[in-house]
Structures are given as C-alpha cells and as structure tokens.
Amino acid sequence: MLKIFRFLKPWRWSITVLLGLVFSQVLSDLFLPTLMADIIDKGVMRGDTDYILRIGGFMLLITVFSISCAVASSWISANVAAGFGQSLRSAVFTKVSLFSLHEFDQFGASTLITRATNDITQVQMVSIMIARMLLMAPMLALGGIIMAYLKDPQLTWILAVAVPALIALVLMIARKAIPLFSSIQIKIDRLNVTLREALSGVRVIRAFNRVDHEQKRFENANDGLADTYISVNRLMAFMMPGLMLIMNLTTLSILWFGFDRIEAGTLQLGSLIAFTQYAMQILFGFMMMSMMFNILPRAQAAAVRIDEILQLNPSIVDPANPQTSTAAAAIEFKAVDFRYPGAEVLALKGISFRAEPGQVTAIIGSTGAGKSTLTRMIPRFYDVEAGQILLADLDIRDYAQQALRQRIAYVPQQTTLFSGSLKNNLRIADPNADEAQLTLAATTAQAMSFIGELDGVWDHELQQGGSNLSGGQKQRLAIARALLRKADVYLFDDCFSALDFKTDAKLRAALKTDVRDATVIIVAQRIGTVMDADQILVMDEGEIVGRGTHAQLLQECPTYQEIVASQLRAEDAA
C-alpha cells in the first residue's frame, strides 16, 4: 500500500495541513477533561458561579475550535482521497492501455475491470479513514495516557491492564480475519468473470438451454463471496462486544478504586472524572486503531493487486530510437516462429512470404491453422519468437507502435462497435472525416444500402457492441471504418464470413478500385473470397503448405484441392 501512496505526492501540502488540523483537534479534546475537572473541583465544589461560567465559556470556545478542525479535516481528507482515487484510476488505465495482448491474456478483462474499480475504491475508502482515524487514534491514545498519568499516576495501572487486553483481543480477531479479507477480492474476481461470461454469452446459453447451469455457476460464486463476508462479519461481531466489555470494566475499575482514593482524601472528584474521560479517550483511540487494522488487510490485498498492474512492464515497447521508411509498404515475413505465452506448440512455424503493394494476398486454411495469428503479428499485437516481419523493408520492431499502426487498417474476426452515433464509430479511423468520405467508405463496404434506412442516418445511435444491428451489418461497418483510414496496408481477418456471396463479390470488386495501391491481406474460409487474389497462401497447422494463384494451387497443392472439393463443384472450381 505504501507503494501506491506515492500518488498522494501532489497533495502533500494538503496532507500537511490535515495533520496540523488533526493534531489541533486532539489537543483540544485532551484539554477539555482538565477544564471539566477544574470546573468541578474549583467551581461546583466551592459554589463559585463566576468561575464555572468563565471556564465553561472557555470550554465552549475550545469545543467550537475542535469541531471546526474536525469539519475542515474531513473536507480536506475527502478531497485528497477523491483526487488520490482519480490519479490511481488514471494511472491504471494508462498502464493497461500500454499492455500488449500477452498482458491482457495474463490478467483477463474481468480482473482488470475489478482492479480498476472495486480495488481502487477499497484503497480510496481506507485512505479517507487513515487521514482521519489512523492519524487521530495514536495521538489520542498517547496523549490520553500522558494526561491520565499526570492526573493520577496510581490509577494508571488499570490502563496498563486494559490496553494490553484490548490489543490481545484485536490481534486474535485480526489473525483470523486477515486471510478472509484477502480472499474476498479473489472471490469478487471470480464472481465478475462468471457474470461477464453469462451476460456476454447469453445467446449461446439460451440456445443450448444452459440457463439453469449458468444460474448455478453464478449462485456458487455468489454464495462463496457471501459466505466469506458472513465469516468476516461474524468475527467482527465479536469485536465490538469485547471492546465494550473491556471499556466498561475499565470504567468500573476506575470508579471503584477512584472513590476509595476520594474517601481517603488523596483524589478529588473532578480529577477522577477527568481520569475516567482520559481512559475513555485512550480506549477509544485503540478501538479506532483496531477497526483500522481489520479494514486495512482488505485494502492491502487490493493495493497489492493494483500494484501488480502498475509494476508490470509491457512485453511490447517502442524502440529507443524509432525509425521510419518511405519505401513501398510491402509486408514480408522471414522465417517467423511464434507461440502463445504458456503454449508448448508453435502457432506459426517458419512463415516466409512477401505481400506486395497493389496486390491482394489471400490466406486460407483449416480452423486453427494460424491464419488469424499471422495477421495479428503485423500490427505487433504480439512479437515474433524467431524471424522478422518487415513493413516497407524495415523490421516492425524498429517502428514506434503508433507510427506502425497508423499505416495499417485492421478488421478483426470479431467485430467491435462502440455505443454512440454511427458516424463516431466510423471516425475512429479518421476523426476529421467529412460526410462525403464516410459515404465513399460505406459505399465501398456495401453498407449504404442499410445506412440510408436508419433513423438519423449517420447520427443513428448504436447500442453497446452494435447489438441493434445484424452480424453482416456490423461487419460491413467495420470494413467501412478500416477503409476510412486510407492506410498503406489493409488486413481483413475473415471479416467477409457474415456476407452473402453477392455482397462479398461486390465488396471485393469495389476494393480493387478503392485500395488498388495498398497491400491487401485477406483471411477467409470461402474459396469464392480468395480465388481472384494475386497470391494465395494455404496454411495447415501453423505452416504454409502452398502458395500461388488459384489455378496453380489447383494443380500443385493437395490441401487446397481438398478445400476446393469440399466447397465447390468441379465445374465451379475451374
């Protein structure tokens, strides 16, 4: 937790003022019992009304001052905590945005969301309590011990028994509670994963009648979290009665032995009352610290999880001296090997080919052959294990990531649209695109046929994930978005799969005109999509097993022949 408290540095002066206010409040609270003792011993016992009024007025001023300090410190602590949480969330989001897909795969989206929201909220709440309670409690307890000793050294033995008993109770409960607090964050993660999968996969769940099964999965995760909370609350339920028992026994002991001393004439009534109030302040201070020590473990667990993100260095970073190239934007793979993190088998094995500008390179193969993996390597979502990938005759690792991706337009296999207007979704590729450019890109992508029928046309509001559009409509919008980039390289990762043959053919014909000078790589499952390509790569189990035109592969590549035979009649294939 101390590591992430470095984000409090911008508020160091506010924290300094806060410490001063808390110290002033504690001094005021410690001074009041002494004044009360004076009122009783010198005013009430002697019947001196003027003294009572004078000291009472002074007490009222001190009380107002203490309240003012408390209000001001609460306001400052709330502002510091809010700013601290804001800075921490910004730092986490900035760091996550720099992660490669390897880090995303390592953590998972659900736990990243939990750490950026729930965990930071836990730390933020504790920072407010630390600013008020944890700063005040030690001052109050130590100051109370000093003042109580000054009032009557002989009665302080009672505190010497009560304080260790209170600390022992807190430590005993904390020893059992700390592991439970740590497990709560893990179980919140598990609940979020289950909930996210159930909501995002609702169509599949309903299609296969797995609603009851998912309900049980959620209930198990939910019950596990609830049981842990209940276990913690049961432990906490023992704490307060135990603390109150110690406090009441302490008060009773002070009064019992104190009245004996009053009868003996060695202690005055006002001093006994003041001593009792100091004892309550001491125990209250330790109570506040005990409450903090039972809240801190959960915040500590959250802080560790946050710091894991902040301390993790992305595996893909920009070079120290980024380079650029003005050569033609050809893509070349040179003996590229790649395996996913933790995998034993290579996903790509010795991949070598060159895709030239002005040509269409198509990639086809069976499921799991490595086609999509290959396209993800080009924008440097992952780094190669061996070999090189060149863009414009320069290794992509020599580019700054932003400069590299600025030259590439990528349409992923799974279409991603964001909530907001249709035009804002397309302008992700080019924020300055005007309506004419939007229309041209949408026309090439064969999307104007349905865009013109939408309410508001370009201002039509898309729901999260584009859920108010069909799969084919979403894919065409994703293609239009890529075309709006006017990039040097276009990567179409099996994004024609939801299109009918007629729309597919029209789109590919329009692409030949719209992106004729760019390097185009198309991943597809359908022979009809790739058969007109200038170069076709046939992949199987991470290797290129054939390359050439459609006619050449029909003569030379058995794997391609099998794919063609499974999709087309002999006369169509020719």
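What we have is a predicted model, in which local features need pLDDT of at least 70 and side-chain atom pairs count only at pLDDT 80 or more, while totals for chains, interfaces and linings use all residues. Residues are numbered from 1 along each chain as its sequence is written, and side-chain values use heavy atoms, with hydrogens and water left out.

The protein chain has 19 helices and 12 strands, taken as DSSP runs (H or I of at least four residues for helices, E of at least two for strands) and numbered from the N terminus. Its C-alpha trace spans about 120 × 50 × 45 Å along the principal axes. Of the 574 residues, 47% are buried, where buried means under 20% relative accessible area, exposed over 50%, and partly exposed in between, with a 1.4 Å probe and protein chains only.

Turning to the rings, the count comes to nine aromatic pairs, with Phe, Tyr and Trp (its six-membered ring) pairing if their centres lie within 6.5 Å, and planes under 30 degrees apart called stacked, over 60 edge-to-face and the rest tilted. Phenylalanine 31 and phenylalanine 58 have ring centres 6.1 Å apart and planes at 80°, so this pair is edge-to-face. Because phenylalanine 31 lies in helix H1 (residues 12-44) and phenylalanine 58 in helix H2 (residues 49-97), the pair ties together parts 27 residues apart in sequence. Phenylalanine 31, at 35% relative accessibility, counts as partly exposed.

For phenylalanine 333 and phenylalanine 353, the centres are 4.8 Å apart and the planes at 15°, so that pair is stacked. Both phenylalanine 333 and phenylalanine 353 are buried.
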